[in-house]
Amino acid sequence: MLRRCFLALTLVLTLLGGQAALAQPQTGLPVSDLVINTAGGPKKFRIELANTDASRSRGMMFRSQMAPDAGMLFDFFTEQPASFWMRNTLIPLDMIFIKADGTILNIHQRAIPHDETSINSAGPVRAVLEVNGGTAARLGIKAGDRVDHAIFGKKP
């Protein structure tokens, strides 16, 4: 009987430990430079690239902060409608929806942490850039601006 209780307790602790690991921000993504060309000049970012199903699913979940010039670029490889939510996301984000040629199609500003409402692209996009909430307004980033990054065929 004592042995069964010990095994059950071990199983429960193992499962809880696994859930704790899931509640951590993802790490180890490729990092590169990205530039957004605005009317006020180029705006430079150091971004992480989420380019697998697993990394795109995890995204910015469980992060409590992000540097002002940082972001995460979600690459879908082909243009398609994109939809995001803020489940398990702890900080407000701007979502910049980008067409395959690097043109910004639309921007959703200041997405609310933990909100599960869908945030959609205005049409098919190749990628979505997530940056700190308020960054687009602060830097004057607008629909129609151009993004330079290797996935769009133009390195910054």
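## Basis

The model is predicted: local features need pLDDT of at least 70, side-chain atom pairs count only at pLDDT 80 or more, and totals for chains, interfaces and linings use all residues. Residues are numbered from 1 along each chain as its sequence is written, and side-chain values use heavy atoms, with hydrogens and water left out.

Helices (H or I, at least four residues) and strands (E, at least two) are DSSP runs, numbered from the N terminus. Two strands pair if DSSP finds at least two bridges between them.

Strand S1 (residues 31–38) runs antiparallel to strand S2 (residues 41–50), with 8 bridges joining them. S1 and S2 form a hairpin with 2 residues between them. S1 is also joined to strand S9 (residues 146–148), again antiparallel, by 3 bridges. Asn37 stands opposite Pro42 in S2, and its bridge partner in S9 is Arg146.

## Ala127

Ala127 lies in strand S8 (residues 125–132). Its relative accessible area is 0%, so Ala127 is buried (buried means under 20%, exposed over 50%, partly exposed in between; 1.4 Å probe, protein chains only).

Contact means heavy atoms within 4.5 Å. Leaving aside neighbours within four places in sequence, the contacts of Ala127 include Phe74, Phe76, Phe97 and Phe152. Phe74 is 53 residues away along the chain, yet the C-alpha atoms of Ala127 and Phe74 are separated by 5.3 Å.

## Aromatic pairs

Rings of Phe, Tyr and Trp (its six-membered ring) pair if their centres lie within 6.5 Å; planes under 30 degrees apart count as stacked, over 60 as edge-to-face and the rest as tilted. The count by this rule is 3 aromatic pairs. The ring centres of Phe74 and Phe84 are 5.0 Å apart and the planes are at 85°, so this pair is edge-to-face. The pair links distant parts of the chain, with Phe74 in strand S3 and Phe84 in strand S4, 10 residues apart. Both Phe74 and Phe84 are buried.

Phe76 and Phe84 also form an edge-to-face pair, at 6.3 Å centre to centre and 70° between the planes. Ring pairs link Phe74, Phe76, Phe84 and Phe97 into a cluster.

## Largest pocket

The largest pocket is lined by 15 residues, of which Arg56, Ser57, Met61, Phe84 and Trp85 lie nearest its centre. Helix H2 (53–58), strand S3 (70–80) and strand S4 (83–84) each supply at least two lining residues. H2 gives the largest share, 3 residues.

Note on methods:
On a 1 Å grid over the protein atoms alone, a cavity is a set of points where a 1.4 Å probe fits but cannot get out, and a pocket is an open set with protein on both sides within 12 Å along at least five of seven lines; lining residues have an atom within 4 Å of a point.
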